[in-house]
Structure formats: C-alpha cells, structure tokens
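Here is a short report on one protein model. Keep the sequence and the 3D view open as you read.

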Amino acid sequence: MLARSQRAQKLKFEILVPVGGDNPTAVASFNAHGEHFATVFGLASSAGPVHTACLGFGIERCVLALLFTHGTDVSAWPAAVLAELS
C-alpha cells in the first residue's frame, strides 16, 4: 500500500527488468521522502527543512536478470555487456 501511494505521488521509481515469468522484477528503487525525515530528525539548512531520498538495488536481482537474458555461459555474453561489468 505504501509503495502504491509513493508511485501515485511520483515519489518512487523502479527499474524493472525481465527475470522470468510474465511480470518484470524491480532491480533498483529510488524513493523521495520530501521533508518527512527532516521533520522527524531535525535536518535543516539555512533555508529550512531539507528533502531526503534513498536508492536501493539488489545485486542478486541484477545477477538473475543478466543470467536470464544472456545465459549461464559468461564467455558467450556480448562484449558490450562484459565491458560494462569489468
């Protein structure tokens, strides 16, 4: 319910990739908190309460997405993918 509300307010963004099945999986999530934590923890600048945000990603989900897309033989993966990972 919280995630749905955040998306409706455009406070939550996810990177969705195919990992098998019909529904894509979120491998990363970005959440804007606005002034919520600034109010709770007294975070402020000279202009007033600050806005906070966070980023989270699941390494295991990224690995699963890579394996699902390119297979388990890493030596057969496209050179461009391997270059990005090195």
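## An exposed residue and its sheet

Leu55 counts as exposed, because its relative accessibility is 53%. The scale runs like this: buried means under 20% relative accessible area, exposed means over 50%, and partly exposed lies in between (1.4 Å probe, protein chains only). This is a predicted model: local features need pLDDT of at least 70, side-chain atom pairs count only at pLDDT 80 or more, and totals for chains, interfaces and linings use all residues. Residues are numbered from 1 along each chain as its sequence is written, and side-chain values use heavy atoms, with hydrogens and water left out.

Leu55 sits in strand β5. Strands (E, at least two residues) and helices (H or I, at least four) are DSSP runs, numbered from the N terminus. Leaving out residues up to four places away in sequence, Leu55 touches Ser29 and Phe30. Contact here means heavy atoms within 4.5 Å. Lys12 is 43 residues from Leu55 in sequence, and their C-alpha atoms are 9.8 Å apart in space.

Now take the sheet. It is open, has 3 strands in the order β1-β2-β5, and pairs them antiparallel. β1 (12-17) and β5 (52-57) are at the edges with a single partner strand each, so one side of each has no neighbour in the sheet. The average twist from one strand to the next is 10 degrees. Strand β2 (residues 25-34) is joined to β5 by 6 bridges. Two strands pair if DSSP finds at least two bridges between them. Ala28, for instance, has Phe57 in β5 as its bridge partner.

Helix α3 (residues 59-70) lies across β1, β2 and β5, at about 145 degrees to β2. Such angles run from 0 to 180 degrees between N-to-C directions, with axes fitted to C-alpha atoms, for helices over the stretch in contact. α3 has 12 residues and spans 16 Å from first C-alpha to last, close to the 16 Å expected at 1.5 Å a residue. That expected span is 1.5 Å times one less than the number of residues. Just after α3, Gly71 has a positive phi of about 90 degrees.

How many disulfides does the structure hold? It holds 0. A disulfide is a pair of cysteine sulfur atoms within 2.5 Å. The sulfur of Cys54 has its closest cysteine sulfur 16 Å away, in Cys62, which is too far for a bond. The table gives the accessibility of these cysteines.

| Residue | Relative accessibility and class |
|---|---|
| Cys54 | 36%, partly exposed |
| Cys62 | 30%, partly exposed |
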